[in-house]
Amino acid sequence: MRLWTAIRMTIVLTVLTGIVYPFAITAAARALFPYQADGSLIARAGVIVGSPLIGQNFAAPRYFQGRPSAAGDQGYDADSSGGSNLGPTNKALATAVAARVRAVRASNPGAAGVPVDLVTASGSGLDPEISPAAAALQIPRVAKTRGLREDIVAALVRANTRPRFLGLFGEPGVNVLTLNLALDRLRPAGRSDGS
Amino acid sequence: MLANAVIQIGLFFLIAVAISVPLGHYMARVFAGESTFPDPALKPIERLIYRLGGVHPETEQTWIEYAVTMLLFSAAGMLLLYAQERLQGLLPLNPQGLGGVAPSLAFNTAASFTTNTNWQAYAGETTMSYLTQMAGLTFHNFVSAAAGIAIAIAVIRGFVQRNSKTIGNFWVDLTRATLWVLMPICVVMALALVWQGVPQNFAPYARAKTVEGATQTIAQGPVASQEAIKELGTNGGGFFNANSAHPYENPTPLANLIEMLAIIAIGAGLTHTFGRMVGDARQGWALFGAMALLFVMGAAVATWSEQRGNPMLTRAGADQSASATQSGGNMEGKEVRFGIVDSALWATVTTDTSCGAVNSMHDSFTPLGGLIPLVNMQIGEIIFGGVGSGLYGMLVMAVLAVFIAGLMVGRTPEYLGKKIEGREMKLAMLYVLIFPLVILIPAAIAVALPAGLAGISNPGPHGFTQILYAYTEASANNGSAFAGLNANTHFYNVTLALVMLAGRFLMKVPVLALAGSLAAKKTVPESAGTFPTNGAIFVVLLVGVILIVAALTFFPADALGPIVEQLAMRHGRLY
């Protein structure tokens, strides 16, 4: 008798919390925030190019580069999120960070300090942002490769920087995907004369 | 950067207080059966649930009937989830065509979600179909949380009622916790999260052609509806492998703030529910004060240690200094939008409570920063705690504290007018002792067996910490992880599942017995010799008892893991 009640209540509450609730939220979300509900996907020339919430790989010098990623074998695998889970005294972490620092210094000559977020893997492996310091370090390289004035690139960085919420919560971040898309949209008029 | 930490942690705490007081009073009205504002909408649904479920809401249950009902309901839900996981390949809402979950993993997950642990030995996006996530996991997120609240309410009734054989009706408490408390908050919160960018769809995974021309598969799903109850019910099982570090689960600092508040709200609110139901708000504030003290200590140490960073990163050439343009500190395993403060604060909140959702990878924390989550769980998750379980765990410690106070003055201890005698102390000690037993013995076995050692991913003392953390979180029903541990093996799936079940049900039954025993007692009037349990002295005594019990039990094990690793790290030793 008690068991029969338990089974019936399990089924009733499964229908309520596991079926009715998520479907109702889906319907309301689609009506109120359709773009976000569908994953904030953005298209370029009619093709989905990614989501500003989800980081992607950038290797070419003319693009700002994101953080190292431990998601999937190639990094930024948005079907396989996760961090490196390397411990603080693990030699493998020391070796990896040292190699990344060398690579950053090689591709950005003249860089002073290398911001820690640019050489450490994020928790999700999909961090879409870098710190403003990590973006500032890359401005000379990107400007030079694209033949742009540095102040124009710096203005784009500022335009793609998300401040703290209410100036208080979280940390500021620069969205790498939207920044690089904005760079690609720049008109040739933005080019500097000499270089 | 000290200002940043103080402002963020301080504001978070103030908002949490502002929410928890009215929420606590509201819950007191709900479970006392008084009228509340959502009644017109919810009463018809409540009646329908009772009719369909065959429940007689007017029946009062003894503690044994209450416990048996809770156990039967948990068993039925666990079996249903196991079946759903095994058969998901044949069921609808599976656009990725994911196959059935392997038996030991399905058993582990069923135990994990039934016990409100939500330990995940699997990666959500590549293992669970949308139907399993919703009808299986979201359902358990709701009812395991509701069951926790129900038991906390039953324990409070034990203190309030006199000469009573009964402590309420499990089905009524379960249903009212779901309908009046969890569901309305979740609806609002889920939509707020969608607004911030959390997806809510049933689409196949999106395929993007990236700027550099590669193909990126982006996992989708009904994320927001699960995310809301995952935090509010202190469940913590992520939709995706990276949990709340994943930008789809936790896209912005505002989303992060909402989620952290949801984790702490009900646990903190129940102290005020308690105060109101026992008729003395200061009794609730005393418990709240003890919790707040322990919370602040943990948050301060974790933030300081993570901000101080890892000397090895500096030697490798990374700049860890905090400035206006970077958070600095130990950023391995952390997200830029959360930086150090929100990551360390979250790690504290998620282990103070039994949530276990993570927004950064605890495995990559500095040893001292990782010790805080570990100790928070070893204390028994009573710092606000799991919804329900935090309050009844704290009440057990309060019983212990008044007992020790009674020994000091040589008087029969009493708490809220109930004499604490041999039977109550035995039940309280059973609760206190089962917890470390099901952590330390299995962890010792795991480090002695090749099957246990095979799971370690970080060499040196950190590897031991990974195993200790896993059994601690399982027993504490937390579900956070030192996630490098390769736990999806038969050995870990089965042993951790058994520890989770023991940590939940072996501890709930003595608590309900304690409630039954207290309810049957008469209330003795306060006298000059009564130790006041609503003042600062009691708070200090309570915190002292909690810390001493945890230190006596766990310090030797912690010394072998994070403590020795901290010393090694400061001396530049690598493994």
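Visitor: In this predicted model, which two strands form a hairpin, and how many residues lie between them?

Guide: The hairpin is made by S1(A) and S2(A), with two residues between them, and in the turn A:Ala45 has a positive phi of about 50°. Strand S1, residues 42–44 of chain A, runs antiparallel to strand S2, residues 47–50 of chain A, and three bridges join them. In one of these pairings, A:Arg44 has A:Val47 of S2(A) as its bridge partner.

Visitor: Which strand of chain B is joined to S3(A), and do the two run parallel or antiparallel?

Guide: Strand S3 of chain B, residues 318–319, is joined to S3(A) by two bridges, and the strands run parallel. Here A:Val114 stands opposite B:Ala318.

Visitor: How many residues does each chain bring to the contact between chains A and B?

Guide: Chain A brings 93 residues and chain B brings 111. On the side of chain A that touches chain B, the largest share, 22 residues, comes from H1(A), and that side divides into 51 nonpolar, 32 polar and 10 charged residues.

Visitor: What describes two packed helices?

Guide: Two packed helices are described by the angle between their axes and by the distance between those axes. In chain B, helix H10 (residues 281–308) and helix H12 (residues 339–352) pack at an angle of about 140°, their axes being 9 Å apart, and H10(B) passes H12(B) in a right-handed crossing. The residues making this contact include B:Phe295 and B:Ala299 of H10(B), together with B:Val341 and B:Leu345 of H12(B); by kind, the contact residues comprise eight nonpolar, five polar and two charged.

How values were computed. Residues are numbered from 1 along each chain as its sequence is written. Chains are lettered from A and ligands numbered from 1 in the order in which they are written. This is a predicted model: local features need pLDDT of at least 70, side-chain atom pairs count only at pLDDT 80 or more; totals for chains, interfaces and linings use all residues. Axes are lines fitted to C-alpha atoms, for helices over the stretch in contact, and angles run from 0 to 180 degrees between N-to-C directions. Helices (H or I, at least four residues) and strands (E, at least two) are DSSP runs, numbered from the N terminus. A crossing is left-handed if the near helix is turned anticlockwise from the far one by less than a right angle, and right-handed if clockwise. Two residues are in contact if their C-beta atoms, placed from the backbone, lie within 7 Å. Ala, Val, Leu, Ile, Met, Phe, Trp, Tyr, Cys and Pro count as nonpolar, Asp, Glu, Lys and Arg as charged, and the others, Gly among them, as polar. Two strands pair if DSSP finds at least two bridges between them.
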